[in-house]
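Visitor: I would like to go through this structure and ask what stands behind the labels given to it.
Guide: Then let us look at the structure and take the labels in turn.

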Amino acid sequence: MVDNFSERASEQEIGRSAFAPLLAASGLSKSFGGIRAVDNASIEVLPGSITGLIGPNGAGKTTLFNLLSNFIRPDQGEVVFDGSQIQQLPPHKITQQGLVRTFQVARVLSRLSVMENMLLAAQQQTGENFWNVWLRPGQSAREERQQREYASEILASVGLSHMAQSYAGSLSGGQRKLLEIARAMMVRPKMILLDEPAAGVNPTLINQICDYIRYWNQQGMTFLVIEHNMDLIMSLCDRVWVLAEGRNLAEGTPAMVQRDPKVLEAYLGQ
Amino acid sequence: MQGFIVSLIIFTAVFAVFSLGLNLQWGYTGLINFGHVAFMTIGAYTTVLLTLQGVPLWLATLAGAALAALLGLLIGFSTLRLRTDYLAIVTIGVSELIRLIAVNEEWLTRGTFGIQRFPLPLAGINPSLPVRVVMVAIFGGVIALGYWQGWKWLRQQLKAVPQSALVNTSIAALGYVTSLALLLYGSGMIARQLKFSNALPPAVLGIGLLVGLAAIIALYVWLAKKMSDRFPAWASGLTIVFMAIVAVLGIWASSYAIRSLYDYSSNPSKNGLMFVSVLIVALLYWALERLAQSPWGRILKAIREDEEVARALGKNVFWYKLQSLMLGGAIAGISGAMYAWQLTTVYPDNFQPIVTFNAWTMVVLGGAGSNAGAILGSAIFWGYQTVTRFILEDIVPLDDARLGAFRVMLIGLLLMVLMIWRPQGILGKKEELTLGR
């Protein structure tokens, strides 16, 4: 169905070593008042991987996400994405570079239809420029048709086709999660930051969401996932980073991390 | 009567343009602009001062629009990074600032004395019969297009309702509205007689009127409840009747308008302005609808819903807000030029903050985010203004100043009633209100 991801992935492999990380952040720090929410944290995400980011509540995972996507400016540190530094770029530029984020509580544009939510996510649309609405209506309409087709495909693959013309605000919580992930796919990014894709979602839907993530990953999409649901992390991720009190605690394969005494201590106490 | 209708149409058109600008900023983009009149002030003064220097009108109007857009740019750069309520505070401040500049910079604006005299456009021309016929044809075409839009909207609204139910309900709704109108008219006539004959002291008459009005409203609210229990499609029936009334009034007004276009030389400047302003409204409506349906408009709506999402999806939120503010400002600037033309004088006092809030009333009445709603809101507002100015004087035992305040109170009441029964505005979409965030 969506074959251009695999093309993109293979291009990347030809272009540079398969082991160079797609996203690498180092020395990231952010304080709010006296609280160091993120303290000298690092993270690396290899292209084509599903990387997990876990940690107890308040460990600074979401803040780290915000720093990576520059929704919050880091005090220190650098973020390299796809070979270029992005910590100075405004958030929308980062998305345009191919790094798109989702939100912990699914945020949909209520009074737009599900389809419009999807179409909004397409990048570099001709009709997004005020003058092009008047000067290049043909090209704009043509692109719109293509995007609509592509959006329908994605919606069909997550089972939201029947809701395409409904207001996004009328979706249930689980459907909103699906729409948010589908919308991120619509950006045609190189990598997606998923903030708790399974939070507040029933077990059946969690399995579905896992399947979608796995499927898109096989198509070449890279994911960085924050999650509290350990089953999901263990079954999905190639590699897991553990954060506690804003600092890196451990990193490795899920099995390694699961046995790490420091991680157990951070989660369960001594 | 003819001149009266013409000027009513002009006022409606001027404020339709003005509210279309506000609707772009608030209805589509969610920017709370409480200083919209600032753009109108800039547009009016620029146009008039430039025409006094001999600049042709269309060029002066464009310059006014450009300067208004520039003001939007300035406001935007300094405030759009703030949250919504702060934008509201800053904009209302800016509008007062602009007005006070107009009061004080007498070398430029002649201060409170105002600009009394400037060459009225289109006053000197006397079009030949074929030209007038073409003008009438164009005008009629625009009106017809308007009706077609209304018809499409109505069809859209009613497609889910079965036809037989529609007919029954419409007849009942017609009875409801007619009886209400007759009752109001009757009590108005009685009050008028009482006021003329001085049979009652004014206080008693005033209180009696209020009690009577309250009783009628209570009765009809109760009736409406009964009716909506009996007829499931009651709201649709009322919509049909309402649209029919609007349509009949529209035809009635356009007949006068067309007659005065035909007798162009009876009042050349006003008739010309009416023609031009209706064309501007139509053109703007078309352009804004097109923008609203484009990817550009989709981004504005996304910003209204949740600007963080728009940002996360790679849209330059600040730049789009700026564009919306500037374009809405430019549109208001054009309305300023039309306003100056209609008033034939420009005083700083014409641009009090109340003008902004009148535009808000129109947009809310018509339904936020609906361009047709902004135009309809303006028509209703001015229809109300002119009708009450003449009718209430005969009925209500109040002097002129108090009557003015009373009319504002009444429109406030009207707005409250609307907010209770149709919070989405007349042309707004009801489903949108039931959505969670």
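**Labels and their grounds**

Visitor: What makes Glu196(A) count as buried?
Guide: Glu196(A) has 22 C-beta neighbours inside 10 Å. The cut-off for buried is 20 or more, so Glu196(A) counts as buried. This is a predicted model, and the count is computed from its atoms.

Visitor: Where is Glu196(A) found?
Guide: Glu196(A) sits in the loop between S7 and helix H8 (203–218) of chain A. Its phi is positive, about 50°, although Glu196(A) is not a glycine.

Visitor: Why is Arg188(A) called partly exposed?
Guide: Arg188(A) has 18 C-beta neighbours inside 10 Å. Buried needs 20 or more and exposed 12 or fewer, with partly exposed in between, so Arg188(A) counts as partly exposed. Arg188(A) lies in the loop between helix H7 (173–186) and S7 of chain A. Arg188(A) is not a glycine, yet its phi is positive at about 55°.

Visitor: Why is S8(A) described as largely enclosed by the rest of the structure?
Guide: Five of the five residues of S8(A) are buried, so the strand is described that way. Both faces are covered: Thr222(A), Leu224(A) and Ile226(A) are buried on one side, and Phe223(A) and Val225(A) on the other.

Visitor: How do you know that S8(A) pairs with strand S3 (residues 50–54) of chain A?
Guide: Pairing needs at least two bridges. Strand S3 of chain A and strand S8 (residues 222–226) of chain A have four bridges, in the parallel sense, so they pair. Leu53(A) stands opposite Ile226(A) in S8(A), and Thr51(A) has Leu224(A) as its bridge partner.

Visitor: What joins strand S7 (residues 191–195) of chain A to S8(A)?
Guide: Five bridges join them, and the two strands run parallel.

Visitor: In what order do the six strands of the open sheet in chain A lie?
Guide: The order is S6-S7-S8-S3-S9-S10 (chain A), and the pairing is mixed.

Visitor: Why are strand S6 (99–101) and strand S10 (247–252) of chain A said to stand at the edges?
Guide: Each has a single partner strand, so one side of each is left without a neighbour in the sheet. On average, neighbouring strands of this sheet are turned by 20° against each other, direction ignored.

Visitor: Which strands of the sheet does helix H11 (residues 261–268) of chain A touch?
Guide: The helix packs on the sheet and touches strand S9 (239–244) and S10 of chain A. The direction of this helix makes about 130° with that of S10(A).

Visitor: Which domains does the assignment give for chain A?
Guide: The assignment gives domain 1 (4–108 + 187–268) and domain 2 (111–170). Their centres, taken over C-alpha atoms, are 27 Å apart. Five residues of domain 1 of chain A are in contact with six residues of domain 2 of chain A.

Visitor: How many residues are in contact between chain B and chain A?
Guide: On the chain B side there are 25, in contact with 27 residues of chain A. H11(B) gives the most to the chain B side, with seven residues. By class, that side has nine nonpolar, five polar and 11 charged residues.

Visitor: What confidence does the predictor give the complex?
Guide: The ipTM is 0.87 and the pTM is 0.88. Chain B averages a pLDDT of 87, with 99% of the residues scoring at least 70.

Methods: Residues numbered from 1 in each chain as written. Chains lettered and ligands numbered in written order. Predicted model: local features only at pLDDT ≥ 70, side-chain atom pairs only at ≥ 80, totals over all residues. pLDDT = per-residue confidence, 0-100. Axes fitted to C-alpha atoms, helices over the stretch in contact; angles between N-to-C directions. Contact = placed C-beta atoms within 7 Å. Domains from an automatic or database assignment. Nonpolar A, V, L, I, M, F, W, Y, C, P; charged D, E, K, R; others polar.
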